[in-house]
Amino acid sequence: MELIYEGKAKRVYRLNNERLVMEFKDEVTAFDGLRKEVAIGKGRLAAAQTAFFMSYLEGNGVRTHFIDWDGDRRITVRALRMVPIEVIVRNYAYGSFLKRMPMVKPLTRFSKPLVEFHLKSDELHDPLLTMDDITEAGLLTREELQEIINTSLRVNDLLTNLLSTRGLILVDFKLEFGFDGSGRLLLADEMSGDTMRILRNGKHLDKELFRKGASAMDLVKAYAELNALLGVKS
Ligand SMILES: Nc1ncnc2c1ncn2[C@@H]1O[C@H](COP(=O)(O)OP(=O)(O)O)[C@@H](O)[C@H]1O
Ligand SMILES: [Mg+2]
């Protein structure tokens, strides 16, 4: 298979015209790649989480790019034309929200889930975008943007409920979307501890642990704990 892209968390290979293979690295990065460590076992755990969450969403009527998981670090997905935007859904105040709104106390619960958009650009540090920015730049139409918002909120409802049955709190998460050959919007990329903040009794079972200074090994343990709680086979 031809390696077509290497990002911070994954390698992307072309399987054929319609399909890609995404390989999750045994590596963890934070602060735009400034802190980077080897994390043996993380790739498989994050691939398993992505397979688990995306299969669950598919089962509940959300279209995703996920096709299958090899039981290790690789998943097969539909090749999409990606929208260069990160969609963030927030239930509680955390992360970059607190940076731009320092008057809000950490982990304040919002009156409703917030949806926001960031340009996917490491050099520009993923700047916040308005809906007008997105439509005027021609990245999406109003209708497509609204569809993304609706899907993101539906994903939030489904995941919040699923996680709450295991005593877990979904603080926030990041989604990416892409268009398939027929112009349909599909949920893409990954859904793992790298892209979701999940709390258990106040403890992070996500990458925030590493951002806060925990070792790569403690992060792998937290991902394994999350998978055990969710009944994710890994
Ligand atoms: N179904 C898909 N088709 C094409 N590209 C995808 C798909 N799903 C995810 N991607 C892209 O593949 C890359 C995954 O690698 P990653 O390590 O997350 O990169 P990055 O450091 O750019 O976030 C991302 O650029 C992501 O947007
Ligand atoms: Mg990424």
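A polar side-chain atom of Glu176 lies 2.6 Å from an oxygen atom of ligand 1, a polar contact being a pair of N or O atoms within 3.5 Å. The protein covers 88% of the 550 Å² of accessible area that ligand 1 has on its own, as found by the Shrake-Rupley method with a 1.4 Å probe. This is a predicted model, in which local features need pLDDT of at least 70 and side-chain atom pairs count only at pLDDT 80 or more, while totals for chains, interfaces and linings use all residues. Residues are numbered from 1 along each chain as its sequence is written, chains are lettered from A and ligands numbered from 1 in the order in which they are written, and side-chain values use heavy atoms, with hydrogens and water left out.

**Around ligand 1**

- Of the 18 residues around ligand 1, those that come nearest are Tyr5, Lys10, His65, Lys120 and Glu176, where a residue counts as near if one of its heavy atoms lies within 4 Å.
- Lys8 places a polar side-chain atom 2.9 Å from an oxygen atom of the ligand, whereas Leu80 has a backbone N or O atom 3.1 Å from a nitrogen atom of ligand 1.
- Ligand 1 lies between domain 1 (2–78) and domain 2 (81–215), because both give residues to its shell; the domain bounds come from an automatic or database domain assignment.
- Strand 2 (10–14), strand 3 (19–24) and strand 7 (74–78) each supply at least two residues of this shell, with strands (E, at least two residues) and helices (H or I, at least four) taken as DSSP runs numbered from the N terminus.
- The shell is made up of 10 nonpolar, 2 polar and 6 charged residues; Ala, Val, Leu, Ile, Met, Phe, Trp, Tyr, Cys and Pro count as nonpolar, Asp, Glu, Lys and Arg as charged, and the others, Gly among them, as polar.

**The largest cavity**

- The structure holds 1 cavity of 30 Å³ or more, a cavity being a set of points on a 1 Å grid over the protein atoms alone where a 1.4 Å probe fits but cannot get out, with lining residues having an atom within 4 Å of a point.
- The largest cavity has a volume of about 30 Å³, which is the space filled by probe spheres set on grid points joined across faces, edges and corners.
- Its lining consists of Val83, Ile85, Val87, Phe117, Leu140, Leu145, Ile148 and Phe177, and by class these are 8 nonpolar, no polar and no charged residues.
- Strand 9 and helix 4 each supply at least two residues of that lining.

**Backbone angles in two loops**

- Asp126, in the loop between strand 10 and strand 11 (128–129), has a positive phi of about 45° although it is not a glycine.
- Asp189, in the loop between strand 13 (185–188) and strand 14 (196–200), has a positive phi of about 55° and is likewise not a glycine.
- Most residues other than glycine have a negative phi.

How values were computed: Polar contact = N/O pair within 3.5 Å; in protein donor to acceptor, adjacent residues only side chain to side chain. 1 Å grid on protein atoms, 1.4 Å probe; cavity = no way out; pocket = protein on both sides within 12 Å on 5 of 7 lines; lining within 4 Å.
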